[in-house]
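Please consult the sequence and structure below while reading.

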There are 2 protein chains.
Amino acid sequence: MGTLIENLTVQLGTRSYPILIGEGLLGERAMIDRHVRARDVLIVSNTTVAPLYLANLEASLSPRRTIATLLPDGESYKTLDTVARILDVLVANRFGRDCAVLALGGGVVGDMAGFAASIYQRGVTFIQAPTTLLAQVDSAVGGKTGVNHPGGKNLIGAFHQPSAVLSDTTTLATLPPRELRAGLAEVVKYGLIRDADFFAWLEARVDALLAGDTDALAHVIRRSCEIKADVVARDEHEHGERALLNFGHTFGHAVESATGYGRWLHGEAVAAGMAMAARMSCESRLLDAADLQRIMRLIERLGLPTHVDQVQPQTMLEHMRIDKKVLDGRIRLVLLRAIGQAFVTADYDENRLTHTLEAHLR
Amino acid sequence: MGTLIENLTVQLGTRSYPILIGEGLLGERAMIDRHVRARDVLIVSNTTVAPLYLANLEASLSPRRTIATLLPDGESYKTLDTVARILDVLVANRFGRDCAVLALGGGVVGDMAGFAASIYQRGVTFIQAPTTLLAQVDSAVGGKTGVNHPGGKNLIGAFHQPSAVLSDTTTLATLPPRELRAGLAEVVKYGLIRDADFFAWLEARVDALLAGDTDALAHVIRRSCEIKADVVARDEHEHGERALLNFGHTFGHAVESATGYGRWLHGEAVAAGMAMAARMSCESRLLDAADLQRIMRLIERLGLPTHVDQVQPQTMLEHMRIDKKVLDGRIRLVLLRAIGQAFVTADYDENRLTHTLEAHLR
């Protein structure tokens, strides 16, 4: 007896892959068999997630040879050194080119496991089993992998698409409320850049979402993945449209690196970053004030930050300049013309940017 | 007044790129301008090559912003740690996505600079300026980048094609004779896998090649690049035919890792590896004994090794098993049906493999 499973496809020609969303997915042996073809599987997880879900997943994967490697939990460990440790485990166990690396965890685990898979033997199969809302709606889809450098977030990495994304929604029941909220920040982003109706739907369902309502979360995951899959299918390597997915992220990454990785959750930094990007859109006379207020209000109601303490505007600007979206030294921003309509620009007033930062830093 | 420059193309659709071969190429400003579009260029070189050619190249690149980073010379430094140092330089100098990384040196420099370019900001432009024969005929073409792991050679890496290969043949004049011979090993490989006429041409030109005859070397580079470009164009990511380029390499890599990187030059290990692969082809009743003798004789006349000291067959087998060409635990070999005709197989007699190793290890 199987559970109801939603099925989307990221369309990338011969590298297309399914996103499966369902309750109890990691215990569905037939499903796992269909999507994990390798006989040797390295499960990369962390010390928080593994005690909850690893045994169940390993049972579903038997009789394959599975080895589990557990990383310390947290963005501060998302480094090239940690990836080197994953590679050491692959080599020590003599995993061949036909092995698979499976990420069981949140965005940090997925980013590092995916990067290790992309550079082990110049690329082996990679499977995502995201266990946080943020990973299920965002980081597990689209093939961006990598690690941080002391000089900036995600500065080292690769594009390496998974062969399947297995999102088991039961894992959200054990997610700390703070992490659930952080995941909702990326969900708000999809509404803002692409879908005003979805944004309005979120405004109407704040209480259900914060309470962890299963149906509401399943809808949120599905709609978020649809939007992301569509954008990625049209611009896999971010030469254009995909940059819209960075809405709030140029500001957010600077918040994370200016405050030291680990103090803010990624989703929290993105929430504050989206508030700044919305304010900048309004200062630039693109977004009207009422929409700015709706955005601020939704972020606040979701228990997410719109402001950042103890960071100077000048420090923010320096961290923004090393961000990957800088082209020829000029910071490019994703701004809004309206809720649901985003665009990329390097054509804006520097004073307005400084003014925006002053309004959100304190 | 320009020098005569040969021009080939590696056909990879929108990622096609030119291979330019000529005397004094690195001093040809117009040529450099045409093929290096970035304004920020990180030149990766080593402490041996840089004193000879860096100033000339930097002059040709001006007024671009160029930063040079010099690696210690040698295969033993081809590690993830060294690549991390290249990344540190890129970050410290705030190089953006639109920068280029240029490798000035041999295969080790090219492999590491290319790998750094492939993972910096998920991939930046990469240009090869190979200064050894081995790099000009082989490693600079085809997009394989990476580093060694204590557990095996080139176990960590990526496919990242250069945007141009600039082979200045004047650099061969300063190449130590041992390195020239090591480069000729890969040249012999092209004859063996694809072109019996080229093999015969090499037999007739041994003395000229060892004397560094410019015309002979230019022909060798051009023909080797033609064969490699053709194979790579048809199978970029080594799902099939490209594996033929590994002729002698499964054995050779095991020699390198069994003896510790650095004692043997890569080309020397490949020479001994080709001798073993040819012997195995003969033991397997594929290649006739006269052809085996021709192959041994050419390798010896080029001053290259056909045998390996102080390594046990069992040790070789263990190192061969971790090689990337192992599929489902079985070592795949590239064998010869005749000079000029290679194929990949996992269907061979294990006893013959052991016997082959015994004949070449002492």
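This is a predicted model: local features need pLDDT of at least 70, side-chain atom pairs count only at pLDDT 80 or more; totals for chains, interfaces and linings use all residues.

**Contact between the domains of chain A**

- Domain 1 of chain A contributes 30 residues to the contact, and domain 2 of chain A contributes 33 residues.
- On the side of domain 1 of chain A that touches domain 2 of chain A, the elements giving two or more residues are strand S1 (5-10), strand S2 (17-22), helix H5 (133-139) and strand S8 (152-159) of chain A.
- H5(A) supplies the largest share of that side, five residues.
- By residue class, this side of domain 1 of chain A comprises 13 nonpolar, 13 polar and four charged residues.

**The sheet of chain A and its helices**

- Seven strands of chain A form an open sheet with mixed pairing, in the order S1-S2-S9-S6-S5-S3-S4.
- S1 and strand S4 (65-71) of chain A are the edge strands, each pairing on one side only.
- With direction ignored, neighbouring strands of this sheet are turned by 20° against each other on average.
- Strand S3 (residues 40-46) of chain A pairs with S4(A) in the parallel sense, over seven bridges; A:Val44 has A:Thr69 in S4(A) as its bridge partner.
- Helix H2 (residues 50-61) of chain A packs on the sheet, where it touches S3, S4, strand S5 (100-105) and strand S6 (125-130) of chain A. The direction of H2 makes about 170° with that of S3(A).
- Helix H3 (residues 80-92) of chain A lies across S3 and S4 of chain A and runs at about 160° to S4(A).

**Contact between chains A and B**

- Chain A places 29 residues in contact with 30 residues of chain B.
- H3, helix H4 (107-119), strand S7 (144-149) and S8 of chain A each give two or more residues to the side of chain A that touches chain B.
- S8(A) provides the largest share of this side, six residues.
- The side of chain A that touches chain B divides into 14 nonpolar, eight polar and seven charged residues.

**The largest nonpolar core**

- The largest nonpolar core holds 237 residues, of which A:Val44, A:Met112, A:Ala116, B:Met112 and B:Ala116 touch the most other members.
- Not counting residues up to four places away in sequence, B:Met112 touches B:Val44, B:Leu71, B:Lys78, B:Thr82, B:Val83, B:Ile86 and B:Val147.

Key:
Residues are numbered from 1 along each chain as its sequence is written. Chains are lettered from A and ligands numbered from 1 in the order in which they are written. Two residues are in contact if their C-beta atoms, placed from the backbone, lie within 7 Å. Helices (H or I, at least four residues) and strands (E, at least two) are DSSP runs, numbered from the N terminus. Ala, Val, Leu, Ile, Met, Phe, Trp, Tyr, Cys and Pro count as nonpolar, Asp, Glu, Lys and Arg as charged, and the others, Gly among them, as polar. A nonpolar core is a set of buried Ala, Val, Leu, Ile, Met, Phe, Trp, Tyr and Cys residues joined through C-beta atoms within 7 Å. A residue is buried if 20 or more other C-beta atoms lie within 10 Å of its own, exposed if 12 or fewer, and partly exposed in between; C-beta atoms are placed from the backbone. Two strands pair if DSSP finds at least two bridges between them. Axes are lines fitted to C-alpha atoms, for helices over the stretch in contact, and angles run from 0 to 180 degrees between N-to-C directions.
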